[in-house]
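Please keep the sequence and the structure in view while reading.

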Amino acid sequence: MKTPPPLIAEGLFSYLIGGSERVGVDMALGFKSRGYRVACFAFYGTDGPFRAELETAGVECLDLDYTKRPRLIRRLSYQLEFYRFLRSREVAALHIHHATALTLCGVAARLAGVGRVVMTEHALFQLQERPNYRRQATRDCKFATAITGVHAGITGYFHDEMQVPAERLHVVTNGVRLRDPDPALRERMRAELGIPASQFVYLFVGRLEDVKDLHTLLGAAARLPETLAQGITIVLTGDGSCRQDLETACAAQGLQGRIRFLGARTDIPNLLAMADAFVMTSRTEGLPMAMIEAMGAGLPCASTAVGGIPELLADGAGLTAPVKDCQGIADAMTKLVTNAPLRKSIAARGQQVVAERYSLDAVVTRYLELMGLPAYWPSKD
């Protein structure tokens, strides 16, 4: 009788479009491709584009939404339900994202005897800005057998500020696939969006939230040289609480015809094929998946210098400016539009960086290693 493969549980923050969610989905799909059984769930929500993607690929998705429990007792009731899930399904390893996940399920995982619990932290701003959250996270780190950060600044913070032993900390970068240019797809997507072939398209992908500081991007757009501005379209892909405010600001600054709001999309690879460059003006970041995907697709990047971005774009792999520096971002954007040799060299260097450091296949292998599992589950007769 064939022994069934171990079951890995992958816990997303939500099933909605987001950077950490993209990492979790890629890991779930990667584990399945290596021969493991995978059960995926989201702590916040039961539906979204990523659930559809996972289920289409044959990954089991569960409803384990923390917010659906009665507020006064949900911390306890959720741990109990999670314990029953882990025990009944004999989960061999658990991979979760953000320190708050350990607060929600760490006790249950410990009591259920899950062999390996790996928590991946993607950014530090909540830990740095919310003392109560940091204290709770510091206490709950004991429930993780391994904690990974997407860049060394995160693991350094966990060691220096949260006293997590160095042997439990690991840097595991985000991983993506390289994508070759596709002229036919580029033409089709531009036609679909009504963007002329002659326009230079800057693409942003992410949540429309305050932390992404897209008002700085609007300020940069308003400062582009008048001789170039009409030939540049900035496409904002994503949704969030700041969308209405951003649309109002666009109207106030006369940018309506130059800024496009696409909302949340699931066809990001198609949008990358359509664009000429990528731009991001966040006030804080970890290691943004969207930017690594853009680099892997051959797009030169201009960004604020936060989190792991300066290292990512070092040595000619991109252009950076200080946080909230509208003119600095405008200057970087102008360089990419007007200097074709620079644009080409940055794109080539960016793809090289992704190929050398951010291989999705290598990341899947590394997480399986941290879970104490072989890189591939062998079939047994």
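A residue is called buried when its relative accessible area is under 20%, and exposed when that value is over 50%, with partly exposed in between. The model discussed here is predicted.

**Two single residues**

Ser-303, which has its place in strand S12 (residues 301-304), has a relative accessible area of 0% and is therefore buried, because this value is under 20%. Its side chain reaches the backbone oxygen of Met-280 at 3.4 Å. Leaving aside neighbours within four places in sequence, the residues in contact with Ser-303 include Met-280, Met-291, Leu-313 and Ile-329. Ala-340, by contrast, is found in helix H16 (residues 340-357), and its relative accessibility of 40% makes Ala-340 count as partly exposed. Between Ala-340 and Arg-258 there are 82 residues of separation in sequence and 21 Å in space, taken from C-alpha to C-alpha.

**Strand S10 and its partner**

How many of the five residues of strand S10 are buried? Four of the five are, so strand S10 (residues 259-263) is largely enclosed by the rest of the structure. Strand S9 (residues 232-237) pairs with S10 in the parallel sense over four bridges, and Gly-263 in S10 is the bridge partner of Thr-237. From S9 the chain passes through helix H11 (residues 243-252) to reach S10, in a β-α-β crossover that is right-handed.

| Helix | Buried residues |
|---|---|
| H7 (residues 152-160) | Ile-154, Thr-155, Tyr-157, Phe-158 |
| H8 (residues 183-193) | Leu-185, Met-189, Arg-190, Leu-193 |

Seen down the axis of H7, the buried residues fall within an arc of 155°, so they line one face of that helix. For H8, the buried residues likewise line one face, because they fall within an arc of 130° when seen down the axis. An α-helix has 3.6 residues a turn, so residues three or four places apart point the same way.

The buried residues of H7 pack against several elements, among them strand S5 (116-121), helix H6 (131-140) and strand S7 (169-171). Those of H8 pack against strand S8 (200-205), helix H12 (268-274) and S10, the strand that is largely enclosed by the rest of the structure. On the other side of H8, Pro-183, Ala-184, Glu-187 and Ala-191 are exposed. After H8 comes Gly-194, with a positive phi near 70°.

Conventions:
Residues are numbered from 1 along each chain as its sequence is written. This is a predicted model: local features need pLDDT of at least 70, side-chain atom pairs count only at pLDDT 80 or more; totals for chains, interfaces and linings use all residues. Side-chain values use heavy atoms; hydrogens and water are left out. Helices (H or I, at least four residues) and strands (E, at least two) are DSSP runs, numbered from the N terminus. Buried means under 20% relative accessible area, exposed over 50%, partly exposed in between (1.4 Å probe, protein chains only). Two strands pair if DSSP finds at least two bridges between them. A crossover is right-handed if, with the strands pointing away from the viewer, the path from the first strand over the helix to the second runs clockwise. A polar contact is a pair of N or O atoms within 3.5 Å; within protein, one must be able to donate a hydrogen and the other to accept it, and residues adjacent in sequence count only if both atoms are side-chain atoms. Contact means heavy atoms within 4.5 Å. The arc is that of the directions from the helix axis to the C-beta atoms.
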